[in-house]
Amino acid sequence: MAQKSTIEWTNATWNPVRGCTKISPGCKHCYAMTFAERFRGVKGHPYEQGFDLRLVPEKLGEPLRWRKPQMIFVNSMSDLFHPEVPGEYILAVAKVMSVARWHTYQVLTKRAERLGRLLQGPLKFAANLRHIWWGVSVENRKHGVPRIEHLREASARMSFLSIEPLLEDLGAVNLQGISWVIVGGESGAGARPVRKDWVISIKEQCRRADVPFFFKQWGGVRKAKTGRMLEGRTYDEYPAREHNEVLPDEERLMYAAAMEESVSRINSVSA
Ligand code: SF4
């Protein structure tokens, strides 16, 4: 989508897939859906088809075209592990990330079972790479916490949790094998409230487990007003990033074109 992002914990977004469907209570006020649906029917707009899921093969090579190392949130406007995204296409996305290794990737899903299965199978090579961070969203105990077990089973080198929107006290969370935790309250119209003690409980558990903690926001109807201070300070911790060499221009551009060509025959599910 863009090389710049306003999301606090990343600096670029890349959307080789667009659109998604709701799966759990954390999706209730999905910002991506609200944004995309605004443009349904607008001729020539990337979201002309609203939030209907579709592949965007012409965006597949984008990270290879970005020379400057970025922290990239993969599919900020979708969910890579959605059942309608063909496995072959997910594999192509993983290959691009493995080759464009001068970036750091943050792949976040609510489809944790599929992520776990694929990372133990055809995506094993990508699970072992330190510059690709694999994460699951955790909004509550019933739907969110079980995703952590699927993520752990995947045994990725870098695993993280996005605990947002935090909808209730999660109690004791098993942070074994987790490299990073983001916490945030919901924002926008109809935002469900977050309580300070729920946030502090997670922060304390991260401290005890020596896991970097990032507090994104309190949220609410006007998030700029509530800010992101917790007990008098901000928490902007990250795990250490791996720094890799940028491929020569000719090589990376050739690879981008070849990858896009190779996936152009995979049928987009709804386009
Ligand atoms: S999984 Fe994510 S992108 Fe998909 S509907 Fe839910 S919040 Fe939106």
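## Starting terms

The model is a predicted one.

Gly19 has a relative accessibility of 0%, and because buried means under 20%, Gly19 counts as buried. Between Gly19 and Val194 there are 175 residues in sequence, and their C-alpha atoms are 27 Å apart in space.

Strand 4 covers residues 71-74, and both of its faces are covered. On one side are Met71 and Phe73, on the other Ile72 and Val74, and all of these are buried.

Strand 4 has a parallel pairing with strand 1 (residues 12-14), made over 3 bridges. Within this pairing, Trp14 stands opposite Val74. Strand 4 also pairs in the parallel sense with strand 5 (residues 104-109), over 4 bridges. Here Phe73 stands opposite Gln106 of strand 5. From strand 4 the chain crosses through helix 3 (residues 87-99) to reach strand 5, and this β-α-β crossover is right-handed.

Strand 5 and strand 6 run parallel and are joined by 5 bridges. Thr109 stands opposite Val136 of strand 6. Strand 6 is also joined to strand 7 (residues 159-163), again in parallel, by 4 bridges. Gly135 has Phe160 in strand 7 as its bridge partner. The chain passes from strand 6 to strand 7 through helix 6 (residues 145-153), in a right-handed β-α-β crossover.

## Strands 8 and 9

Strand 9 (residues 213-217) has 5 of its 5 residues buried, so it is largely enclosed by the rest of the structure. Strand 8 and strand 9 pair in the parallel sense over 4 bridges. In this pairing, Ile182 has Phe214 of strand 9 as its bridge partner.

Strand 8 and strand 9 also belong to a right-handed β-α-β unit, together with helix 7 (residues 196-209).

## The ligand and its surroundings

The ligand sits in the largest pocket. Around the ligand are Cys20, Thr21, Lys22, Cys27, Cys30, Ser78, Asp79, Lys110 and Arg111. By class, the residues of this shell divide into 3 nonpolar, 2 polar and 4 charged.

## Backbone angles and a cis bond

Most residues other than glycine have a negative phi, and most peptide bonds are trans. Some residues of this model depart from that pattern.

Asn75 is not a glycine, yet its phi is positive, near 60°. Asn75 lies in the loop between strand 4 and helix 3. With a relative accessible area of 1%, Asn75 is buried. Glu231, also not a glycine, has a positive phi of about 50°. Its place is the loop between helix 8 (223-226) and helix 9 (249-263). Glu231 has a relative accessibility of 46% and therefore counts as partly exposed.

The peptide bond joining Glu164 and Pro165 is cis, with omega about -5°. Pro165 is in the loop between strand 7 and strand 8 (180-184).

His143 is found in the loop between strand 6 and helix 6. Its relative accessible area is 29%, so His143 is partly exposed. His143 and Pro25 are 118 residues apart along the chain, and their C-alpha atoms are separated by 8.0 Å.

Conventions. Residues numbered from 1 in each chain as written. Predicted model: local features only at pLDDT ≥ 70, side-chain atom pairs only at ≥ 80, totals over all residues. Heavy atoms only, no water. Buried < 20%, exposed > 50% of the residue type's maximum accessible area, 1.4 Å probe, protein only. Helix = DSSP H or I, 4+ residues; strand = E, 2+ residues; numbered from the N terminus. Pairing = 2+ DSSP bridges. Right-handed = clockwise from strand over helix to strand, strands pointing away. Near = heavy atom within 4 Å. 1 Å grid on protein atoms, 1.4 Å probe; cavity = no way out; pocket = protein on both sides within 12 Å on 5 of 7 lines; lining within 4 Å. Sits in = over half its atoms within 2 Å of the grid points. Nonpolar A, V, L, I, M, F, W, Y, C, P; charged D, E, K, R; others polar.
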